[in-house]
Structures are given as structure tokens and as C-alpha cells.
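Here is a friendly briefing to read alongside the model. Have a look at the fold, then go through the points below.

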Amino acid sequence: MFEEEQEKIRIEKLKKIKESGILPYPYKFECTQGIKDIRESKEEFIDKEVRLAGRILAIRGHGKVIFADLSIGSCGQGRDSKIQLYLKSDFLGESFNLLKLLDIGDFIGVRGKVFETKTEELTISVQEFTLLSKSLHPLPEKWHGLVDKEIRFRKRYLDLVMSPEVKEVFIRRTLIIKQIREFLDARGFLEVETPVLQGIYGGGFAEPFKSYYKSLDRDFYLRISDELYLKRLIIGGFERVYEFGKDFRNEGMDRLHNPEFTVLELYQAYADYNDMMQLVEELFEELCKVQGSGFRVQGSEIEYQGTKIKFKRPWKRITFFDSLKKYTGVEFRDKDEKELAKFAQEKEIPISKEYHRGKILDAIFDTFVQPKLTEPTFVIDYPKDISPLAKEHREDSSLVERFEPFVCGMEIGNAFSELNDPLEQIKRFEMQQEFREKGDMEAQIMDKDFIEALGYGMPPTGGLGLGIDRIVMLFTNSHSIKDVILFPHLRT
């Protein structure tokens, strides 16, 4: 009720502003400096005239003198984000009376001279001000009005206004992606783009989102992975490629999963999964150099949710089956599907009747092993039936050369020595088709065009996919994936 009354008052003020002949929503305002520029080089700006703009955070009236705080857009109290305004009737004349029509949250542009008060508060003596945008809704109170996470996610614009630490997360996200690009570009990788809409989806275990392509009169799918198109580029003669892209998987949502997520995929000809492990280690050491206020990074060490993590090379390595034995005390290498299903049921691990041997092993791994992998760890050498696109292990034909990197109990990527034998790839797809016929709708489907492409020859290749959202979680100390996605999907 209070907010509705406040909105009525603000709308009435807007009406009076218009009646006074002022255009309340001008098209443009010329700024000569930003608030941060003035704060960082204040000696250079003292006694000089500047033009700058921002949002009003506070108004303090003293008769014919009014003080206000102007922000670049965030209601944080950081000294680099706001500056004090000194508004005096002697300087402003009749326009001083219009100040009573302004509210906290309004955007204004000002022209005036920079000075310091006796208390060394950097201030603008305003000679002229312009209303740029009227805030018709009162901003939430800093400590009481925006604590509900659902509201914060649904109204991210308010979250950014009220919480400077949230804004810093997304600034840091951009810096992380920029650093990854620079890292790969320096190593001769070429950034490319591949289709988001795919006639045949593949490259991962997931159910897709389905769409209809009207002009082609056929169904298409939002991609679940970039993999098969990027491999086509390796076949075509590009030796090192990467793509930042959105992938979409029609699955549940939790702390680590959002149906729309950002991935980095890269492929390097004449390399294998050992080279990809080295690349990951080098990349994370580089990411530790990305600076940002509010985030603790010391050398190659970060702090995540109270745990200190060191990304110094080399990372720990453990095979898939050795990790299962270490954390369950059971040797699973020779156990068949029935034995695995019995173990899962006894341990109350949720599995469905369509789960085959590899998928049950993966469920056991997720329950017993993954939560224990706190320090940076490569889990290597996975079962063949859950890795249809990876090359057979050179020392054990029942395994493939695949690894997944884990940090703080989170899987942050997936990598292979890529399968480049088209006849073997057909067999793997056929195995997946058998799983689909038994009810596993996440199993991969036959892609005949990709098989044909492989038939023209693909060199030995190392491939790597990294979950950007989870990496940002680590480097911003964020508990949930929703904290690092500007507009996460939410249930209605």
C-alpha cells in the first residue's frame, strides 16, 4: 500500500515537471567525465568544470542548500561509485525550486565545478542540472527490501542497483571470459560460431528442447553441445578452434544446473587428452590473475565457500574405477549390470530401469565420489559405454581416454582424445541406439552426416568443454549457478 501511494506521488511530480515545460526524458546528455574518473584523479579535476550523470541515491535538505549523492547506477557505498552534489539556490536560480520534484532513484545530469569539503568529501558544486529519467517506483530499502532470492533473480535490474557486490560478480564474469579468449588466441586458436538450431542434436547426454523450422517444414533442436560441428571444422582443415556458446538441455534445475548455460568448447589437432589436461592447468593459473574487488585471489589460490583451493600444477589425477574403489571400498571393474543395480538400490541411489551398466556406474560415482573431490582433480579413463565420442584407451580396450576436471565437488568440464575412426564411431552410435530402444532417451543418436565427414579423415585431436557458469561460481565465491547468470530461468 505504501509503494502504491509513493508511485501516485511520483507520477504527480512527473506531471508537474511536464507542466513546467521541462522535457523529463531527453534523448541525450553529454558527459565529459565519469564519477570513477574524477575519484581516481581528483587532483586533476579540483576547481575544474565537469559534466556527469547518474542516479540520485540520497537527498539532504538544508534550507536554500541541498546535498545529494549521485551514483553511476548502483546503490553501493563504494567511494568510486558515487559523488556528492552541492546544490545552492544562489547558483541554480528558479530551477532550484524544481529540486522538490526529484526523488531518490531519478537519473540526472549535472554541470558544475569539483571541490573538496572541509571533511575532504569530493563534491560537485552544481551550476545546472537536467532530469534524465524519473523513477516512478521507490527503490527497495538496502537491507530490508530486496532479500528474497526469487525477487532478486526475477528483478535482476533492482538486484544490480541495490547490491554492488552482485554487479561486481558480472563484471568479473566478463573479465574471466575475456581472459580465456586472450589465453586461447595467444595459443593459435581461432574463435568460430556453429549452429544453435540443429537438425540432429548430439555431443552430450541430454534431452533437447524441440522447435519447428517453418520455412524448412521440419523439426529442429536447440543444441545440447557444440562438439560435432567443431569436429567438422577440424576435418575441414582448421587445426585449433574454440567457441563460447549457449547450450540447452531439457533437464532439472538445481544449485549447479540451469537448462540454458554457457560453455567453452575447443579442439586441437594432433593432440590428445594429456595435452588437454595441461591446457586446463595452464588456463586456471591464468584465471587466478583476473582481479576484482571483493574476491580473494592470492597467487594461484582462491577461497570458495570457506575452502582454500590451489590451482598450482600439476593437478591430482585418479582413474574412474580407482576413485570408486577409494570412496566406496568396492572394486567395480568386473561387476555386471545386475550387481551394480543391487548395490545402487542398497545404497538408495536413484536409478531407473533403463539405466545400463555405465549409467549406473556414473550414478554411483556422482553419489560417492564427486562430493569428495575438493582439490582440483582430473578423473580419467572412463567406461566406453558412457563415452561414445572418445577414443579407446591405448592400454585398456574397455576404457576410453577421457577426463573430467572437478573442483569443490563440481564437475567443471569434459575432455577426450577424440574418436576419429568412422567405423568405430558407427559401432558406438549403434550401441547408443540400443540404449535408446531400452528407454534411455538421453543416449546419443546416429548422425550420418558426421560419420560421412569422419570418413574424409580427421587427424588425432584433443577436445575440451568447460562450463563457464561453474568456473565463474568458483572465482566469484558464488554458491548457486543462478548467482552468476544475469537472468536465470525460474519456476512460475
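**Barrel, helix pair and confidence**

In this predicted model, a closed barrel of 5 strands runs β1-β2-β3-β5-β4, with mixed pairing. Neighbouring strands of the sheet are turned by 55° against each other on average, direction ignored.

Residues are numbered from 1 along each chain as its sequence is written. Local features need pLDDT of at least 70 and side-chain atom pairs count only at pLDDT 80 or more, while totals for chains, interfaces and linings use all residues, and side-chain values use heavy atoms, leaving out hydrogens and water.

**Strands**
- Strands are DSSP runs (E, at least two residues), numbered from the N terminus, and two of them pair if DSSP finds at least two bridges between them.
- β2 (residues 65–71) pairs with β3 (residues 82–88) in the antiparallel sense over 7 bridges.
- S71 has K82 in β3 as its bridge partner.

**Helices**
- Helices are DSSP runs too (H or I, at least four residues).
- The axes of α7 (residues 164–185) and α9 (residues 273–287) come within 10 Å and cross at roughly 135°; axes are lines fitted to C-alpha atoms over the stretch in contact, with angles from 0 to 180 degrees between N-to-C directions.
- The contact (heavy atoms within 4.5 Å) is made by I176, Q179, I180 and F183 of α7 and L279, E282, L283, E286 and L287 of α9.

**Confidence**
- pLDDT, the predictor's confidence in each residue from 0 to 100, averages 93 for the protein, and 95% of the residues score at least 70.
- Over residues 74–79 pLDDT stays under 50.
- Where pLDDT is low, the predicted coordinates should not be read in detail.
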